[in-house]
Amino acid sequence: PVGDIVAPVTPSLPSDRLAGDALIFMLESGLRHVPIVDAERRVLGVVSDADLAGLTFRLALNLRTTIESAKDAATVAAAGWQLPNAVWAMVEAGVDAVEASRIVTLIVEAMARRFLDLAIERLGPPPVPWAWLSLGSAARREQGIVTDQDHALAFDPEGQPLEELDRYFFDLAVAVTSGLEQAGIPRCKAKVVAEERSLRRPLEHWVIAFNDWMDDPGLGAGRQASILFDYRRSAGPLEAERTFAGVIGSSPDRPRFLRRLAKQAVEVRPPGRVNGRAIDIKGEGLTPIVNLARSYALESGVTEAP
């Protein structure tokens, strides 16, 4: 039967979506074909990555293919250095900036997943369920052409010794962090990377940490929240987001924490006169907007990244 040899046709896109939406869908899902349906969900046709290859997304699709088929970390890293060319092609073609940043994020995540796969082939299968977490702008899928690494790792110990488990996951984190660095994606200057012990915890320890940050009256804890409260699982079988959503969803019951986030959002002032100096668009422009959005979202009980 056909059903035994093909995947079920469940994900699809409506016919009024743009080609870029189909590309993002393919990059997110790892699929190479997407059914197109009408308002009654009748299948009108199927779009493949080959159909998009002649458009402005050709380089992005080629990069995805190269990364997923790479036999070693050096090949993945070499593909990463082609990312600026893919972005430039999209800019030249007038691709929407939001769409382009989503594609950048998805290609960086594809590299991280391939580094994980290659490391697992070398280290052996993970001993317990785990989750690789994208943080900050990566979680929001808004990374730019000049971006850095923001990630963490959670795992369920299942009663096994933590030190032994941590040694395995440290090696896994090193493989991804160093691999992305070789691919032109530097590690976060604030050390928000899974190599750091504080960013590589058992799931129950993450719950304790989130509660501590939310109860801490200092602004330092609010700055931790500004990165770590935007999270998204990008690899691994452990459904950590359910646990995170449970504790972060208590934000409306913690008004002091919400006030602290709101204060942090407005403490960064936009530049008055430029006077020839360069403007930090991310730090002085986008970051306050993101912080305000996060503050309002948590106040409304929204816990997931967009």
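This is a predicted model: local features need pLDDT of at least 70, side-chain atom pairs count only at pLDDT 80 or more; totals for chains, interfaces and linings use all residues.
Strands E5 (residues 151-155) and E6 run parallel and are joined by three bridges; strands count as paired if DSSP finds at least two bridges between them.

Residues are numbered from 1 along each chain as its sequence is written, and side-chain values use heavy atoms, with hydrogens and water left out.

Now step back to the sheet around that pair. It is an open sheet of four strands in the order E6-E5-E4-E7, with mixed pairing. Strand E6 (200-202) and strand E7 (231-235) sit at the edges with a single partner strand each, so one side of each has no neighbour in the sheet. From one strand to the next, the twist averages 35 degrees; angles here run from 0 to 180 degrees between N-to-C directions, and axes are lines fitted to C-alpha atoms, for helices over the stretch in contact.

Helices cover this sheet too. Helix H9 (residues 162-182) lies across strand E4 (130-135), E5 and E6, running at about 150 degrees to E5. Helix H10 (residues 203-215) packs on the sheet as well, touching E5 and E6, and its direction makes about 105 degrees with that of E6. Contact means heavy atoms within 4.5 Å.

H10 has a helix partner as well. H10 and helix H12 (residues 240-248) pack at about 25 degrees with their axes 10 Å apart, and are therefore roughly parallel (the label for angles under 35 degrees; over 145 is roughly antiparallel, 65 to 115 roughly perpendicular, and the rest oblique). Among the H10 residues in this contact are Trp206 and Phe210, with Phe244 and Val247 among those they meet in H12. By class, the contact has nine nonpolar, two polar and no charged residues. For these classes, Ala, Val, Leu, Ile, Met, Phe, Trp, Tyr, Cys and Pro are nonpolar, Asp, Glu, Lys and Arg are charged, and the others, Gly among them, are polar.

Next, follow helix H7 (residues 97-123). Helix H6 (residues 83-92) packs against H7 at about 160 degrees, with the axes 10 Å apart, so the two are roughly antiparallel. Leu83, Val87 and Met90 in H6 meet Ala100, Ile103, Val104, Ile107 and Val108 in H7. That contact is made of eight nonpolar, no polar and no charged residues.

Helix H2 (residues 19-29) also packs on H7, at about 20 degrees and with axes 10 Å apart, so H2 and H7 are roughly parallel. In H2, Asp21 and Glu28 are among the contact residues, and Arg102 and Arg113 are among those in H7. Here the classes come to five nonpolar, one polar and five charged residues.

There's also a hairpin to find. Strand E2 (residues 33-37) and strand E3 (residues 43-48) pair in the antiparallel sense over five bridges, with valine 37 opposite valine 43 in E3. Five residues lie between the strands, and arginine 41 takes a positive phi near 65 degrees.

Overall, the protein chain comes to 14 helices and seven strands.
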